[in-house]
Structures are given as C-alpha cells and as structure tokens.
Amino acid sequence: MKSFLWAIKNEFQADVIKEHFLNKERFDSKIHQELLQDYRTYLAVGGMPKVVDTYIKTHDFVAVDKEKRMILKLYEEDLRKIDNKFGTICYLVWKQIPSMLTKHSTRFIVFSTNERADSILFTNTMEKLIESKMIIAVYKANDPTRGFALKKDISSFKIYYNDVELFTSIIYANSESDSLDIYQRLVLDNLHTNLVMLFENGACQTLVSNGFEPYYYSWGEIKEG
C-alpha cells in the first residue's frame with residue numbers, strides 16, 4: 001500500500017498514516033473516508049509496476065483489468081509448465097482457490113483435488129506453489145497461546161493470492177464486460193457483497209511483505225472433509 005501511495009504521488013499521505021498509527025491517533029471522519037477510498041483503489045489496482053503504470057497513465061479500470069488478465073494468463077501458463085516438469089497439480093490447486101474463498105471455507109479442502117494433504121504429490125505441489133510466489137499458504141496454529149510454529153497443523157491451511165489485485169479480477173470482475181462497473185463500485189464502497197475475504201487477502205499480503213509469517217486459529221472448526 002505504501003509503494004502504491006508513492007506511485008500515485010501521495011508520499012505525504014503514507015507518512016501521515018504511519019505517524020497516526022505510531023501515535024495511536026484517529027483521523028477525522030472525512031479524512032478517514034478518503035483514506036479508505038485510496039485503500040479500496042489499491043485493492044482494485046494493486047502494486048504490480050505495469051498495472052500501476054497503466055492506472056497512472058489512463059485512470060481506466062478496464063485497461064487496468066486487461067493488464068491483470070495478461071498477468072494471470074502468464075501465471076497459469078507457468079503453473080502448467082511446473083506441472084509438466086515436476087508432475088505436480090499446481091494449476092488444479094490454483095483454480096480451486098476462488099471456490100474456497102467464496103464459500104468462506106475455514107480451510108482449503110484438499111479432497112477437492114482428489115488428494116490427501118499428507119500425500120507426496122500434494123506436499124510437492126504446495127512447495128512449488130509457495131516457491132512460485134503466486135500464493136500465500138496460511139497454516140493453522142492449534143494453540144494460539146504458544147509459539148505458532150510449534151503448533152503448526154500442516155493438514156489445515158488457507159490459500160490466498162500473493163497479489164491481492166488478482167483476487168479482485170478473478171472473483172469479482174470475472175468478465176471484461178462488467179469490470180468497469182465492479183471496479184467503480186468497489187472504489188466507491190458501493191459493491192453490495194461481502195468483502196471480508198478481499199480484506200483478509202489484503203491483510204495477509206501486508207503481513208508477509210513486512211516479514212511476518214501469518215497463521216490462523218479457528219474456534220470450533222467444522223470438519224469439511
């Protein structure tokens with residue numbers, strides 16, 4: 001988000017946000033709403049240099065979405081190449097992510113790929129996906145009161161996109177014909193749908209970019225197979 005503000009020439013705004021955060025100061029309502037609109041614009045545009053450059057030059061969300069879809073196409077081609085080379089199922093797992101997120105699943109349901117979480121094939125697949133930097137795997141910590149890594153459950157995890165703006169294109173603006181309307185309504189906070197998963201992905205990406213390894217904990221998790 002900070003680099004996005006710099007790119008759109010809002011360096012001062014980034015510094016003010018940091019100052020208020022460190023001093024635990026609130027913004028007044030008007031400024032707060034303006035900052036939220038900038039954040040929603042970031043969720044729509046993201047931080048990929050070519051996409052941001054397109055936004056700065058055109059302020060055209062349709063052009064922005066086309067750039068993101070070209071990147072998505074390259075990502076999917078790369079995943080198929082990885083699968084062909086290593087015998088993994090990276091592309092299949094990647095294609096399952098939207099379904100898991102839109103269903104608000106408490107975890108990624110591995111059985112949807114006809115594999116077990118502890119199988120060699122699925123383990124190798126997750127290793128390649130994480131290495132690719134296309135996804136963020138967030139594992140469950142069985143006990144949040146102790147060191148998360150010590151209580152890591154490798155069979156229960158969520159998968160988020162490493163670039164939150166791709167999430168927006170894949171799940172919300174899923175066709176070129178409605179992309180402009182979706183982006184405009186997202187930025188203006190007029191997209192009448194549950195955006196929790198989008199904000200979750202944004203928060204997850206922020207944690208990782210700041211050097212944290214995210215975990216999650218679930219109270220009374222429902223076993224989903």
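The following dialogue discusses how to read several features of a predicted model.

Student: What conventions apply to this model?

Tutor: The model is predicted, with local features requiring pLDDT of at least 70 and side-chain atom pairs counting only at pLDDT 80 or more, whereas totals for chains, interfaces and linings use all residues. Residues are numbered from 1 along each chain as its sequence is written, and side-chain values use heavy atoms, leaving out hydrogens and water.

Student: At what angle do the axes of helix α5 and helix α8 cross?

Tutor: Helices are DSSP runs of H or I with at least four residues, strands are runs of E with at least two, and both are numbered from the N terminus. Axes are lines fitted to C-alpha atoms, for helices over the stretch in contact, and angles run from 0 to 180 degrees between N-to-C directions. Here the axes of α5 (residues 61-86) and α8 (residues 164-172) come within 10 Å and cross at roughly 95°. The two helices are therefore roughly perpendicular, a class that covers 65 to 115 degrees. Contact means heavy atoms within 4.5 Å; among the residues making it are Asp65 and Tyr75 of α5 and Glu165 and Ile170 of α8.

Student: Is Met134 buried or exposed?

Tutor: Buried means under 20% relative accessible area and exposed means over 50%, with partly exposed in between, using a 1.4 Å probe and protein chains only. Met134 counts as buried because its relative accessibility is 6%. Met134 is placed in the loop between α7 (120-132) and β1 (135-141). Leaving aside neighbours within four places in sequence, its contacts include Trp94, Leu129 and Tyr161. Met134 and Tyr161 are 27 residues apart in sequence and 6.2 Å apart in space, C-alpha to C-alpha.

Student: How many disulfides does a search of the whole structure find?

Tutor: A disulfide is a pair of cysteine sulfur atoms within 2.5 Å, and the search finds zero. The closest cysteine sulfur to that of Cys90 is in Cys204, 18 Å away, which is too far for a bond. Cys90 is buried at 0% relative accessibility, and Cys204 is buried at 5%.

Terms used. Parallel < 35°, antiparallel > 145°, perpendicular 65-115°, else oblique.
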